[in-house]
Amino acid sequence: MEKSQKINPFILHILQEVDEEIKNGLERITLNIAGNSRLTPVERVTGEDFWILYRILKKNPYITGLDVRYNLLSDVGAYYAARLLQKQPYLIYLNLMFNDIGPEGGELIAKALHKNKILKHLKMTGNKIENKGGMCFAAMLQINSSLEKLDLGDCDLEESTVHLGHMLKENHCLVELHMCKHQIKTDGIRQLCDALYLNRSLSYLDVSCNKITHDGMVYLADVLKSNTTLEVIDLSFNRIENAGANYLSETLASHNRSLKALSVVSNNIEGEGLVALSQSMKTNPTFSNIYIWGNKFDEATCVAYSDLIQTGRLKPDNTDVEPFVVDGRVYLAEVSNGLKKHYYWTPTYGGACSDSSNAGFTLVPVGQHL
């Protein structure tokens, strides 16, 4: 009424449902207004619509999470999201994934987090905040003392590792960091690893979909000899090849006893490197999850992983392959397990958030609704 603005029927429907939940005594509610729902008629939320949400939520003590992924917020919505982060004292989870937010909107949200001491989990994935916005986030993380999980994947950041490396040296709260599609190469992973010698909080590092080669694995393998906090590393869709797999295998077999899960999906690794990784599981009792699909399996690989599964050393839910036998020869089939299989989408029906398909978040849990 204040703005003479048409009410978005999707938002109205969700808010009516929440009213019922509050009447029934439910607290700590995550408001799900995702724009990619196929089960509910959706009119995607715009920046102007988000103004209404901001006015409704800014003092609401029941709403602790807000999921507005895959909408049309743009920088206008980012402005109100920043205002919400400044005013709402209960919000611990905010998902802004894929909302056409640009560098200016990214800067507004990052600056709002300078003084915010409540938010624990933020997803900015897919918003093209570019290097300008990325630098604002890196600067913010040197000051912010509450944020534990941050996704800056697919944000058109290039070689952001210099600034995020400086942040990791100063920040001791961040537990989970996603840096997909940051154009990270050998020098970038070296800068990150230099910071990880000093960081004592990060447990989950996601550098999937970059340009990391086996040369970068020299630095990662070395830092894993002394780092005792990293528990999950996602290297999917890089190109570490046999040499990189061998560097990691040697460290995991002989030195590191903190890493629990490693994904090397689609890394151009052949039998030699894959078998080496399987051997490291035999001597490392902590290393429990490994994901290898999309590499080049030979017979030795199939036999090695079949043996790990059959002996019980590797649980079927903790890997993305399953052995089967044809004419006396062992092969590996793909199964739908992974560190974050249902991260960007969830199945319409069935178990959307099973532990085996989102193992990374099960291994590194950070609070409720996160």
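F297 is partly exposed, because its relative accessibility is 26% and the partly exposed class lies between buried, under 20% relative accessible area, and exposed, over 50% (1.4 Å probe, protein chains only). W293 also counts as partly exposed, at 28% relative accessibility. The model is predicted: local features need pLDDT of at least 70, side-chain atom pairs count only at pLDDT 80 or more, and totals for chains, interfaces and linings use all residues. Residues are numbered from 1 along each chain as its sequence is written, and side-chain values use heavy atoms, with hydrogens and water left out.

The structure holds nine aromatic pairs. Rings of Phe, Tyr and Trp (its six-membered ring) pair if their centres lie within 6.5 Å; planes under 30 degrees apart count as stacked, over 60 as edge-to-face and the rest as tilted. One of the pairs joins Y204 and F361, which are stacked with 5.8 Å from centre to centre and 25° between the planes. Because Y204 belongs to strand 7 (residues 204–206) and F361 to helix 12 (residues 359–363), this pair ties together parts 157 residues apart in sequence. Helices (H or I, at least four residues) and strands (E, at least two) are DSSP runs, numbered from the N terminus. Y204 is buried, with a relative accessible area of 0%. The pair of W293 and F297 is edge-to-face, because the ring centres are 5.6 Å apart and the planes stand at 75°.

Y70, F98, Y204, Y343, Y344 and F361 form one aromatic cluster. Over the ring of Y343 sits the charged end of K340, 4.8 Å from the ring centre; this description applies if NZ of Lys or CZ of Arg is within 6 Å of the ring centre and within 35 degrees of the ring normal. Y344 is found in the loop between strand 12 (329–334) and helix 12, and at 28% relative accessibility Y344 counts as partly exposed. Leaving out residues up to four places away in sequence, Y344 touches N36, Y70, M97, F98, T125 and C180, where contact means heavy atoms within 4.5 Å.

The next topic is the interior. A nonpolar core is a set of buried Ala, Val, Leu, Ile, Met, Phe, Trp, Tyr and Cys residues joined through side-chain atoms within 4.5 Å. The largest such core has 93 residues, and L122 and F137 have the most contacts inside it. Helix 3 (residues 74–87) gives the most to this core, with six residues. Another core, of 14 residues, lies apart from it and includes Y70, V232, F361 and V364.

Strand 1 (residues 29–32) shows two faces. In a regular strand the side chains alternate between the two faces of the sheet. Strand 1 pairs with strand 2 (residues 63–67) in the parallel sense over four bridges, and two strands pair if DSSP finds at least two bridges between them. L31 stands opposite L66 in strand 2.

Strand 1, helix 2 (residues 47–57) and strand 2 make a right-handed β-α-β unit. Right-handed means that, with the strands pointing away from the viewer, the path from the first strand over the helix to the second runs clockwise. The buried residues of helix 2 are G47, D49, F50, W51, L53, Y54 and L57. They pack against helix 1 (9–23), strand 1, strand 2 and helix 3.
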